[in-house]
Amino acid sequence: MQKAIISFVIFALLGFGLGYLVFGVIMGDSAKQPQVAQTETKDEATTKEENTAATSSANEDNILNQKGCLGCHSVEALNIKGGAVGPDLSQAFVNVEGKHGKPIQEFLKQPTSAVMSGVISKSPLTDDERKQVLDLLKQASEAK
Ligand code: HEC
């Protein structure tokens with residue numbers, strides 16, 4: 001009878017020992033996986049940052065930036081960020097006529113408002129530039 005108890009204790013200990021080892025190996029493995037996942041998340045974050053950089057450098061090519069309009073205007077609908085001195089131009093294509101009494105094509109030639117009169121008389125837009133601005137603002141007004 002005593003032998004039976006002793007072997008039970010020994011096997012029980014062996015069992016726990018083995019179990020503990022196996023458990024340790026499995027946990028050790030799976031403990032590594034979250035680390036891998038974390039590295040991947042970091043990579044994604046880096047890629048996102050690169051994308052944002054790409055977007056803002058694409059912004060730099062647009063006509064509004066070339067003509068200095070972004071010093072005072074944003075176009076949120078196209079994710080173009082600029083100054084806040086002037087209104088956001090996302091809906092300018094559709095609402096300038098109501099606000100300023102002439103269609104935006106005319107407004108950009110000869111603005112009826114104080115600040116923009118100054119801007120345009122200092123640096124008028126060529127026909128081609130005005131067309132690019134209109135295309136961009138048309139796109140913005142349709143972007144939502
Ligand atoms: C010095 C700051 C400044 C710059 C630069 C500027 N704007 Fe403006 N813009 C304004 C302000 C302020 C208004 C609001 C009306 C006003 O007071 O003239 C305005 C109004 C407008 C409007 C009418 C939008 C509305 O909702 O009333 C349009 C369109 C516009 N600007 C386009 C442009 C374009 C295109 C350029 C670049 C060629 C430009 N602006 C450059 C300040 C600026």
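The protein chain holds six helices and zero strands, where helices (H or I, at least four residues) and strands (E, at least two) are DSSP runs numbered from the N terminus. Read from the N terminus, the order of elements is α-α-α-α-α-α. Welcome to a predicted model, in which local features need pLDDT of at least 70, side-chain atom pairs count only at pLDDT 80 or more, and totals for chains, interfaces and linings use all residues. Residues are numbered from 1 along each chain as its sequence is written, and side-chain values use heavy atoms, with hydrogens and water left out.

**The chain as a whole**

- Of the 144 residues in the protein chain, 22% are buried; buried means under 20% relative accessible area, exposed means over 50%, and partly exposed is in between (1.4 Å probe, protein chains only).
- The accessible surface of the protein chain is about 10400 Å², and carbon and sulfur atoms make up 62% of it; such areas come from the Shrake-Rupley method with a 1.4 Å probe, and for residues only the protein chains shown count as cover.
- Among contacts in the protein chain with a separation of 6 or more, 42% link residues 24 or more positions apart, a contact being heavy atoms within 4.5 Å.

**The iron site**

- His-73 (NE2) and Met-116 (SD) coordinate the iron atom of the ligand at 1.8 to 2.2 Å.
- His-73 sits in the loop between helix 2 (63-66) and helix 3 (92-100) and Met-116 in helix 5 (residues 114-122), so the pair ties together parts that are 43 residues apart in sequence.
- The arrangement around the iron atom of the ligand is octahedral because its six donor atoms subtend angles of 86 to 179 degrees.
- Donors are N, O and S atoms within 2.8 Å of the metal (3.2 Å for Na, K and Ca), and water is not among the atoms, so sites may look incomplete.
- Six donors count as octahedral if opposite donors are over 155 degrees apart and all others between 65 and 115.
- His-73 counts as buried at 9% relative accessibility, and Met-116 also counts as buried, at 17%.

**The nonpolar core**

- In soluble globular proteins, nonpolar side chains tend to be buried together.
- Here the largest nonpolar core has 19 residues, and those with the most contacts inside it are Leu-64, Val-75, Ile-104, Leu-108, Val-133 and Leu-137.
- Two or more residues of this core come from each of helix 2, helix 3, helix 4 (104-109), helix 5 and helix 6 (127-141).
- Helix 6 gives the most to this core, with five residues.
- A nonpolar core is a set of buried Ala, Val, Leu, Ile, Met, Phe, Trp, Tyr and Cys residues joined through side-chain atoms within 4.5 Å.
- Setting aside neighbours within four places in sequence, Val-75 is in contact with residues including Leu-64, Ile-80, Leu-89 and Leu-137.

**A serine in helix 6**

- Ser-141 lies in helix 6 and is buried, with a relative accessible area of 17%.
- The side chain of Ser-141 reaches the backbone oxygen of Lys-138 at 2.8 Å.
- Not counting residues up to four places away in sequence, Ser-141 touches Ser-90, Gln-91, Phe-93 and Val-94.

**Two loop residues**

- Asn-79, in the loop between helix 2 and helix 3, has a positive phi of about 60 degrees although it is not a glycine.
- Asn-79 counts as partly exposed, at 41% relative accessibility.
- Thr-126 lies in the loop between helix 5 and helix 6 and counts as partly exposed, at 42% relative accessibility.

How values were computed. Four donors count as tetrahedral if all angles lie between 85 and 135 degrees; four count as square planar and six as octahedral if opposite donors are over 155 degrees apart and all others between 65 and 115; anything else is irregular. A polar contact is a pair of N or O atoms within 3.5 Å; within protein, one must be able to donate a hydrogen and the other to accept it, and residues adjacent in sequence count only if both atoms are side-chain atoms.
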